[in-house]
Amino acid sequence: QVQLIQSGGGLVQAGGSLGLSCTASGRSFMRIVMGWFRQAPGKEREFVAAITTGGITNYTDSVKGRFTISRDNAKNTVWLQMNSLKPEDTAAYYCAAGALLSDYDGRYAYWGQGTQVTVSS
């Protein structure tokens, strides 16, 4: 069992930056792939980024060059730094934990509580 506690997010103007963090407990963080997903109102949940224990990353095309996922295995924490934010980045963001690096949400068994990111134009 893995518990994920998120923090961060909020309201920012377009072009601004925000950071999200997610701390895991309950299982060896070293064996967990961590991912970020988001869901905008009326839309399906979509993959944002993921990172393996060894630091291999994967991003959806729309955030490449703007978002950075990172992790600290000693702190059991993963971060998502979001720069050059756009109104279309507005969504509820969720961290997730799984066993394999994937952009498919079905590969992630554990989920954080979600945090809202709102980008105003």
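Which residue lies over the face of W111? R45 does, at 3.9 Å from the ring centre. The criterion is NZ of Lys or CZ of Arg within 6 Å of the ring centre and within 35 degrees of the ring normal.

Some ground rules. This is a predicted model, where local features need pLDDT of at least 70 and side-chain atom pairs pLDDT 80 or more, while totals for chains, interfaces and linings use all residues. Residues are numbered from 1 along each chain as its sequence is written, and side-chain values use heavy atoms, without hydrogens and water.

Now the rings. W111 belongs to a cluster linked by ring pairs, together with F37, F47 and Y108. The structure holds 4 aromatic pairs (Phe, Tyr or Trp rings, the six-membered one for Trp, with centres within 6.5 Å; planes under 30 degrees apart are stacked, over 60 edge-to-face, the rest tilted). F37 and F47 are edge-to-face, 5.6 Å centre to centre, with 75° between the planes. F37 lies in β4 and F47 in β5, so this pair ties together parts 10 residues apart in sequence. Strands here are DSSP E runs of at least two residues, numbered from the N terminus.

F37 also pairs with Y108: centres 5.2 Å apart, planes at 75°, so edge-to-face again. Y108 sits in β10, so that pair ties together parts 71 residues apart in sequence.

Buried or exposed? F37 is buried at 1% relative accessibility. Y108 is buried at 4%, and F47 at 9%. Buried means under 20% relative accessible area, exposed over 50%, partly exposed in between, with a 1.4 Å probe and protein chains only.

Last, the sheet. Four strands form an open sheet, ordered β1-β3-β8-β7, with antiparallel pairing. Pairing takes at least two DSSP bridges. The edge strands are β1 and β7.
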